[in-house]
Amino acid sequence: MSAARPVLNALEFKGRMLTVTVLRALEADLATLIDTLDRRLGEGAEMLRGLPMLLDLEALPDAAGFDLAGLVDACRSRGLSLIGVRDTGDAALAARVRDLGLSAVALTGEGGRKPAGRSRVESETAPSPAPVQAATSLLITQPVRSGQQVYARGGDLVVVASVSPGAEVLADGNIHIYGALRGRALAGVQGNAQARIFCRSLDPELISIAGHYRLSEQVTDEERGRSVQVRLDGETLRVEPL
Amino acid sequence: MAKIVVVTSGKGGVGKTTTSAAIATGLAQAGHRTAVIDFDVGLRNLDLIMGCERRVVYDFVNVIHGDANLKQALIKDKRVDDLYILPASQTRDKDALTQEGVERVLQELSADFDYIICDSPAGIERGALMAAYFADEAIVVTNPEVSSVRDSDRILGILSSKTRRAEQGEPTIPGRLLLTRYAPERVERGEMLSVDDVREILAVDLLGVIPESKAVLSASNAGVPVIMDVESDAGQAYQDAVARFLGEDRPHRFLTVPKKGLLGRLFGG
């Protein structure tokens, strides 16, 4: 009976990283803003259309008195897809944002939204990074084992061991593995196309830079087991021997 | 204070209970007072392997719930002095293992024993976590095949993050690898991972390699820990492993295909 068909799988929740263009208003006068917007779009910023965009009013001295509705209308009529307005903690502004059918969005790493220890998702394998270390890189000295996930938020990840099958390492910046990469490695997860992956022996389940990925079966026999770097060339992942 | 050792693997059927029985027996034979606890509540097997299934009155869960004291529940082994078995309950499930209860039982045993061997159930759920939580050392039992190796890797990760030692920021448990059901001739034919392959992936010390052996099944069915079958290769390999566990340096045996003698070659034996 088609009426009794189970619909348990009709929806799926998935976590995805998304690069967002932030549109910062530096001037409170609506006419000036629209003027500038038209000029920038006329200059060939055509690719901005359709990109998810976040409006940021933080630089405005008087965000409360600003004609938010006017700017949102102007953006929408020019084909810009606004997904929200940056949350500055101003409740009145947040209410106006919601009235316009948008969301007040906190940027990651801001305010109290970020749960403690998010940069190390599950793995507690390695001792805490030494205090002298730069806050933007994460050093792991133990093997990253199956089922563990390590994320270097905002910087590079250095693993002085191997990454096992079933393990996942992620970084906003580069990933350096001074051992074998047998699990998944995702560099530049926030969209940094310049990020690279370095490893002593390449045998991955998946490699990805800024969302461009390659699966294990797409790794050739010549590349496998070698000491390599992986970089993004346009839309293609290049695996080069070191 | 006793040393608490968890025997674990992630995957089922790789030889955790066989190993727990063998190691516990070996330690007791070496003169250490040893208790071995079955954490596989609901799927009790250790009593069968140890051959004491007819003498189970009270079990681990009874002690946790205070229905019996340890003295009533511990079963003394008839063959080896200083060896005691604490069986699991067959009628309950893993939820009966409370952290406070397990801690209390282990504390009480610690006062009286040198070694406590915790025979972990398969999986990474409550039973396995409880068996590992209070451990000072871990023996990770692995078969030379990819799924077992991956599961062992997962367990090693859990040992380094979800035990009391890890939570208190102490040095994490030194997990040691025990490779079981090893068949050198299949390794030579490329059908099985080699010791070196497994060691490279898991990156832990090797406690021992137990060869695939008919002696293991017969010992299980007879209710005699295989380490007591001193004629068998598996029994000798377990004795080596116990000696290494106690700090002795012994070379690994049974890693290569034994060379056939003249008669064997003539008759194809």
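Strands β11 (residues 197–202) and β14 (residues 228–233) of chain A run antiparallel and pair over three bridges, where pairing takes at least two DSSP bridges between two strands. Strands here are DSSP runs (E, at least two residues), helices are H or I runs of at least four residues, and both are numbered from the N terminus. This is a predicted model, so keep the cut-offs in mind: local features need pLDDT of at least 70, side-chain atom pairs count only at pLDDT 80 or more, and totals for chains, interfaces and linings use all residues. As for bookkeeping, residues are numbered from 1 along each chain as its sequence is written, chains are lettered from A and ligands numbered from 1 in the order written, and side-chain values use heavy atoms, with hydrogens and water left out.

**The five-stranded sheet of chain A**

- Chain A also has an open sheet of five strands in the order β6-β8-β10-β12-β13, and its pairing is mixed too.
- Here β6 (149–152) and β13 (212–215) of chain A are the edge strands, each with a single partner, so each has one side left without a neighbour in the sheet.
- Neighbouring strands of this sheet are turned by 5° against each other on average, ignoring direction.
- Strand β12 (residues 206–209) of chain A runs antiparallel to β13(A), and four bridges join them.
- Ile207(A) has Arg214(A) in β13(A) as its bridge partner.

**Where chain B meets chain A**

- The contact (heavy atoms within 4.5 Å) involves 13 residues from chain B and 12 residues from chain A.
- About 1100 Å² is buried between the two chains, 40% of it on carbon and sulfur atoms; buried area is the accessible area (1.4 Å probe) lost on putting two parts together, summed over both.
- Arg150(B), Asp153(B) and Arg154(B) provide 42% of what chain B buries against chain A, more than any other three residues.
- Seven residue pairs are in polar contact across the interface, both residues at pLDDT 80 or more (N or O atoms within 3.5 Å; within protein, one must be able to donate a hydrogen and the other to accept it, and residues adjacent in sequence count only if both atoms are side-chain atoms).
- On the side of chain B that touches chain A, α7 (146–159) and α10 (195–202) of chain B are the elements giving two or more residues.
- The largest share of that side, five residues, comes from α7(B).

**Salt bridges**

- With a side-chain nitrogen of Lys or Arg within 4 Å of a carboxyl oxygen of Asp or Glu as the rule, there are 27 salt bridges over all chains.
- Three salt bridges cross the interface of chain B and chain A.
- Arg150(B) and Glu205(A) pair up in a salt bridge (3.4 Å, N to O).
- Inside chain A, Asp56(A) and Arg24(A) form a salt bridge, with the closest N and O atoms 3.8 Å apart.
- That pair links distant parts of the chain, 32 residues apart: Asp56(A) lies in β2 (residues 52–56) and Arg24(A) in β1 (residues 21–24) of chain A.

Key:
Axes fitted to C-alpha atoms, helices over the stretch in contact; angles between N-to-C directions.
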